[in-house]
Amino acid sequence: MEMVIDNTTIKKYPAYKDSGVEWLGEIPSHWVVSRLKNHVEMITGFPFKSEKYTESGVKLARGINVKEGVFNWDETRYWPTVESHLEGYLLAEGDILIAMDGSKVGKNFCKVKSEDLPILLLQRVARLRAKSNLDCNYLFNNVLNRNFLLWVEMSKTDPMVPHIAPSDIDNFLITVPPLPEQTAIADFLDRKTALIDQAIGIKQKQIELLKERRQILIHKAVTRGLNPNVKMKDSGVEWIGEIPEGWEVKKLKYCLNGKLKYGANESGIEYDISLPRYVRITDFGQDGKLSEDNKLSLSWKQGKDYLLKDGDILFARSGATVGKTYQFKKSMSVESEYSFAGYLIKAESNEEIILSDFLYLYTNSNLFNKWKEGIFIKATIENIGADKYSQLQVIIPPVTQQKEILSKFKEDDGKFSTAISLKEQEIEKLKEYKATLINSAVTGKIKVF
C-alpha cells in the first residue's frame with residue numbers, strides 16, 4: 001500500500017502487529033515497544049546558586065532557555081568555570097533537554113548543537129543522552145511526537161506550576177526499529193520538516209509584513225485622518241509632530257470621565273460565573289481578547305467598587321506587559337460583570353471629547369509606543385503609573401471626524417485581519433501536517449526509506 005507526501009511515494013511496511021499499547025496501535029512486526037529509560041542516560045541539572053552567576057564563562061541551560069524545539073538565549077546566565085564536581089553536568093552535541101516545570105511542560109524541549117557548547121545543565125531541566133542502541137535524532141523526533149505531549153498531560157502534577165518527574169520521562173513508551181531504520185527515519189524527517197518549517201517561516205514573515213502595513217494604517221488614521229491633502233499644523237509636541245488643522249492635543253487626564261483608577265489589590269478566588277470575573281495583566285491576549293485560561297473571580301464585596309463598564313480601557317502599569325492596553329466590550333463578554341486587578345489602571349473616556357474606540361486605536365499606534373519608550377528611558381524600571389498615564393498627550397480630532405475615521409479604519413482593517421487570519425490558518429495546517437508526519441514515521445504507520 002502506498003501514499004504520496006510532498007510528491008514522495010510513501011510505502012507501508014509488509015507486516016504489522018499489535019503493539020499492546022492503545023495509543024500506539026499497530027507497529028511493524030519487527031519493531032519493539034520499550035520504555036525510554038532502556039535507551040537513554042538521563043540526569044537532571046545541578047542546583048547552581050543564582051547569586052553566583054557571572055557575566056561571562058560557561059552558559060547555563062535553565063528552564064527559561066529551553067523553548068519549543070529550540071534554545072533561546074535571550075536571558076543567558078553564566079558560571080565562571082567548570083569545577084571537577086560539575087563535569088558530569090556538561091552537555092554534549094545531540095543531547096535532548098526537557099524543561100520539567102511550567103505551563104508548557106511537555107512542549108519545551110530542544111536538542112543541543114555543537115555551536116551551543118559549552119553548556120552546564122541547571123536543575124529542573126532533564127538531559128536525555130541516547131545510548132548506543134538509539135539514534136539521537138530519532139530520539140528527538142519521539143520527544144517531538146504528539147504522543148510525548150499526551151503522555152506528559154497524563155503524567156504531570158498540576159498545582160500552580162505544572163511539573164513532571166524524571167520517572168515520568170523514563171517510563172514514556174517508544175517504538176524502536178533497528179538502528180539503521182532509526183537513522184533513515186530521522187534523516188527523512190529532518191529533510192521534510194525543514195521544508196515545512198521553511199514554509200511556515202515564509203508565512204510568518206508575510207504576517208509580519210501585514211502587521212506592519214496595519215500599523216501604517218493606524219498611524220495615518222490617528223495622525224492625519226481621511227484627507228491625504230489636509231492642511232497640517234505643528235502639534236506643539238515634538239514626538240507627535242504635525243496634525244491636521246482643526247485637531248488638538250490634550251493630556252489624557254482631560255479626556256476622561258473622572259480620574260484614572262487603580263484596580264483591586266486582591267488575589268482573586270476560584271472562578272465562578274455568578275461572580276465578577278477578575279481581570280489581571282496575565283489575561284491580556286494577543287488578539288485583543290481576554291485569555292480563557294486560569295480565570296479567577298472576585299466576591300461581590302471585593303469587586304463591587306472595581307466593576308468595568310462598556311468601553312473602559314485598561315492600561316497595564318508594570319511587568320512584561322507594561323503599557324499594553326485592553327478595551328472592555330460588554331458584547332464580547334461571557335460573564336455578567338467584570339472587575340480589574342491592582343496592576344491595571346482604568347480609563348473611562350469622555351465621549352464628548354474622545355470616543356473610546358478612537359482612544360483605544362491611539363494606544364495601539366506607534367506614537368503610543370514612542371511615548372512609552374520615552375518613559376522607559378527616563379526610568380530605572382519599566383513601570384507606568386496613573387501619574388504618568390495622565391500626562392499622555394492624545395491627538396483629538398472633532399468627534400464627527402473620529403466616527404468617520406473609525407468607520408473607514410474598521411473597513412480597511414477587516415481586510416488585514418482576514419488576510420492575517422488566513423495565513424495563521426495555513427500555518428496551523430502546516431504544523432498539523434508536520435505533527436502527523438512525525439507521528440506516522442516514528443510509529444511505523446508509513447515506511448519512509
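How many positive and negative side chains does the chain have, and how far apart do the centres of the two sets lie? Okay, the answer: 63 positive and 61 negative, with the two centres 2 Å apart. For that count, Lys and Arg are positive and Asp and Glu negative, while His and the chain ends are not counted. Each charge is placed at NZ of Lys, CZ of Arg, CG of Asp or CD of Glu.

Before going on, a word on what you're looking at. This is a predicted model, so local features need pLDDT of at least 70 and side-chain atom pairs count only at pLDDT 80 or more, while totals for chains, interfaces and linings use all residues. Residues are numbered from 1 along each chain as its sequence is written, and side-chain values use heavy atoms, with hydrogens and water left out.

Now the overall picture. The C-alpha trace spans about 80 × 55 × 50 Å along its principal axes. We have nine helices and 25 strands; those are DSSP runs numbered from the N terminus, H or I of at least four residues for helices and E of at least two for strands. Of the 449 residues, 44% are buried. Buried here is under 20% relative accessible area, exposed is over 50%, and partly exposed is in between, with a 1.4 Å probe and protein chains only. The accessible surface is about 23200 Å², and carbon and sulfur atoms hold 50% of that. Areas come from the Shrake-Rupley method with a 1.4 Å probe, and for residues only the protein chains shown count as cover. As for contacts (heavy atoms within 4.5 Å), take those with a separation of 6 or more: 74% of them link residues 24 or more positions apart.

Let's go inside. The largest nonpolar core has 84 residues, and Leu128, Ile185, Leu252 and Tyr389 have the most contacts within it. Helix α4, residues 179-223, gives the largest share of this core, with twelve residues. Apart from that core there's another, of twelve residues, including Leu308, Leu314, Tyr326 and Phe340. By nonpolar core I mean a set of buried Ala, Val, Leu, Ile, Met, Phe, Trp, Tyr and Cys residues joined through side-chain atoms within 4.5 Å.

Strand β25 pairs antiparallel with β16, residues 248-251, over four bridges, and Lys250 stands opposite Val394. Pairing, by the way, takes at least two DSSP bridges between two strands.

What about Phe284? You'll find Phe284 in the loop between β19 (277-279) and β20 (296-297). Phe284 is buried, at 8% relative accessible area. Beyond its neighbours within four places in sequence, Phe284 is in contact with Val279, Lys289, Leu290, Leu314, Ala316, Lys324, Thr325, Tyr326 and Leu344. Tyr326 is 42 residues away from Phe284 in sequence, yet their C-alpha atoms are 6.9 Å apart.

Over to another region, with an open sheet of three strands in the order β8-β7-β11, with mixed pairing. The edges are β8 (78-79) and β11 (119-121), each with a single partner strand, so one side of each has no neighbour in the sheet. Strand β7, residues 58-61, runs antiparallel to β8 and is joined to β8 by two bridges, with Lys59 opposite Tyr78.

The loop between β7 and β8 holds Asn65. Is Asn65 buried or exposed? Buried, at 0% relative accessible area. Not counting residues up to four places away, Asn65 touches Leu60, Val70, Phe71, Asn72, Trp73 and Glu75.

Pro118 lies in the loop between β10 (109-111) and β11, and the peptide bond from Leu117 to Pro118 is cis, with omega near 0°. In the loop between β11 and β12 (125-130) there's Arg124, a residue other than glycine with a positive phi, near 75°. Arg124 is partly exposed, at 31%.

Last stop: Glu208, in helix α4. Glu208 is partly exposed, at 43% relative accessibility. Its C-alpha atom is 8.9 Å from that of Ile420, which is 212 residues away along the chain.
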